[in-house]
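Subject: Handover of a structure and its ligand site

Dear colleague,

Please find the structure below, followed by an account of what was found in it.

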Amino acid sequence: MSVYRLPKTAPDLLYRLLEEREPHVNISHRGMPTWKNHVKFIAGHPYAAWYLIRSGRDYVGAIYLTALGEIGVGVLAQWRGRGFARAAILALMRKHPRNRFLANVNPGNAASIRLFRDMGFHIVQQTYELRST
Ligand SMILES: CC(C)(COP(=O)(O)OP(=O)(O)OC[C@H]1O[C@@H](n2cnc3c(N)ncnc32)[C@H](O)[C@@H]1OP(=O)(O)O)[C@@H](O)C(=O)NCCC(=O)NCCS
């Protein structure tokens, strides 16, 4: 179900996903946004497609696709290890076919690296960053 069509459920679940993220999985996200900024970010429609992942009546995670073909996926800790991320990625790629998909993954995020490698993705670049703040 598209995030943009669940104005109450989606912000709640997406905020919980952010709260559960450990530092070793983050790339651009540093620290929690305020609730107000979180809602504003969603309202800005930042991704080409953005869905909640549902199992039966439970929303268990979220997945997005950017205009550049980058996939981002997150599953709530209590629902991990049941194949939801893999199934969601396959469904997303089927629904939005394109020649090339990408996934930006923190090099310390072993679960994600294995997930994408197992699905046939291979590493094409390593991005280095220098921050002044
Ligand atoms: C990475 C993440 C999305 C995986 O979700 P999930 O639903 O548990 O993954 P799945 O059950 O579909 O697992 C599929 C494959 O991913 C890999 N994987 C998943 N969890 C793993 C773990 N803890 N350690 C190693 N490999 C793991 C395995 O290859 C697994 O295949 P297998 O079950 O046949 O071994 C989830 O751990 C998560 O939300 N992490 C925090 C957010 C994040 O890192 N997002 C990725 C940024 S793009």
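Which elements each supply at least two residues of the shell around the ligand? They are β3 (71-75), α3 (84-95) and α4 (110-118). Helices (H or I, at least four residues) and strands (E, at least two) are DSSP runs, numbered from the N terminus.

Please note that this is a predicted model, in which local features need pLDDT of at least 70 and side-chain atom pairs count only at pLDDT 80 or more, while totals for chains, interfaces and linings use all residues. Residues are numbered from 1 along each chain as its sequence is written, and side-chain values use heavy atoms, with hydrogens and water left out.

The ligand

The ligand is surrounded by 18 residues, counted as near if one of their heavy atoms lies within 4 Å of it. Val73, Val75, Gly81, Gly83 and Asn109 are the closest. By class, this shell has seven nonpolar, six polar and five charged residues. Here Ala, Val, Leu, Ile, Met, Phe, Trp, Tyr, Cys and Pro count as nonpolar, Asp, Glu, Lys and Arg as charged, and the others, Gly among them, as polar. With five residues, α4 gives the most to the shell.

For Asn109, a polar side-chain atom lies 2.7 Å from an oxygen atom of the ligand. Taken alone, the ligand exposes 910 Å², of which the protein buries 76%; these areas come from the Shrake-Rupley method with a 1.4 Å probe.

The largest pocket

The ligand sits in the largest pocket, meaning that more than half of its atoms lie within 2 Å of the pocket's grid points. On a 1 Å grid over the protein atoms alone, where a 1.4 Å probe is used, a pocket is an open set of points with protein on both sides within 12 Å along at least five of seven lines, and lining residues have an atom within 4 Å of a point. The lining of the largest pocket comprises 46 residues, and Arg21, Gly72, Val73, Gly74 and Ser112 lie nearest its centre. Here too α4 gives the most, with six residues.

Yours sincerely

How values were computed: A polar contact is a pair of N or O atoms within 3.5 Å; within protein, one must be able to donate a hydrogen and the other to accept it, and residues adjacent in sequence count only if both atoms are side-chain atoms.
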